[in-house]
Amino acid sequence: MTILILGLVLFFAIHSVRIVAGPFRDAQVAASPGRWKGLYSLVSAVGLGLIIWGWMQYRLMAPQLYDPPAWGRHAAMALVLPAFILLAGANGPVGRIKAAVRHPMLIGIILWSAGHLLANGDQASVLLFGSFLAYAVVDLIAALGRKEPPPVATKPMADLVMVVAGTALYVLFVLFLHRVFFGVSPFG
């Protein structure tokens, strides 16, 4: 459990700098964008690696906190599809979907983590997915409070690329990659 928690702390600490210390982050980016991106990427990658390793180790012995509902696995699969679509287009050009959603990565993380909480009741999963859900909600509230102008849809094909790429990744994950990477099949 310690490795999982350490990974979560590292990952969310660096991701929360904009929320809790926006002027500090802005100063770092202004002073050296490359240095900030490098540090941000390194800490994120180490944190993510520890999260995955810690979750895979701890889930084998983690106590069950609640029994997921019988329909939880189906709800997870239904929520994760739009999550993948939103994540696939989060850093791409702005189409109608991205313009309407405004923060597709955060909404995608909320859907992904909520779906996984409906399908998993062990303490390792609750720590992992609950942390991501809480972070995404807090960051979304902070992002909406920044009063940035909404993006304007400029690339009509962006929506098609977003849906096709997200759906393809979803199918790949559901059929193969989830079991390969995490040792668990979404089908049980």
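How many helices and how many strands are there in the chain? The chain has nine helices and zero strands. The model is a predicted one.

**Overall form**

Written out along the sequence, the order of elements is α-α-α-α-α-α-α-α-α. The radius of gyration of the chain is 17 Å, close to the 16 Å that the globule rule gives for 188 residues, so the chain is as compact as a globular protein of that length. The C-alpha trace spans about 45 × 40 × 25 Å along its principal axes. Of the 188 residues in the chain, 35% are buried. Among contacts in the chain with a separation of 6 or more, 77% are between residues 24 or more positions apart.

**Helices α3 and α4**

Helix α3 covers residues 22-31 and helix α4 covers residues 33-58. Their axes come within 5 Å and cross at roughly 120°.

| Helix | Residues in the contact |
|---|---|
| α3 | F24, R25, Q28, V29, A30, A31 |
| α4 | P33, R35, W36 |

By class, the residues of the contact of α3 with α4 divide into six nonpolar, one polar and two charged.

Helix α5 runs over residues 72-89. At 1.5 Å a residue, its 18 residues should span 26 Å, and the end C-alpha atoms are 26 Å apart, so the two values agree.

Which residues of α5 are buried? They are G72, A75, A76, V80, A83, F84, I85, L86 and G89. In an α-helix there are 3.6 residues a turn, so residues three or four places apart point the same way. The cover over the buried residues of α5 includes α6 (96-101), α7 (104-119) and α9 (156-182).

**The segment after α9**

S185 lies in the segment that follows α9. Is S185 buried or exposed? The relative accessible area of S185 is 15%, and a residue under 20% counts as buried, so S185 is buried. Apart from neighbours within four places in sequence, S185 is in contact with R73 and R179.

Key. Residues are numbered from 1 along each chain as its sequence is written. This is a predicted model: local features need pLDDT of at least 70, side-chain atom pairs count only at pLDDT 80 or more; totals for chains, interfaces and linings use all residues. Side-chain values use heavy atoms; hydrogens and water are left out. Axes are lines fitted to C-alpha atoms, for helices over the stretch in contact, and angles run from 0 to 180 degrees between N-to-C directions. Helices (H or I, at least four residues) and strands (E, at least two) are DSSP runs, numbered from the N terminus. Contact means heavy atoms within 4.5 Å. Ala, Val, Leu, Ile, Met, Phe, Trp, Tyr, Cys and Pro count as nonpolar, Asp, Glu, Lys and Arg as charged, and the others, Gly among them, as polar. The expected span of a helix is 1.5 Å times one less than its number of residues. Buried means under 20% relative accessible area, exposed over 50%, partly exposed in between (1.4 Å probe, protein chains only). The radius of gyration is taken over C-alpha atoms; the globule rule is 2.2 Å times the number of residues to the power 0.38.
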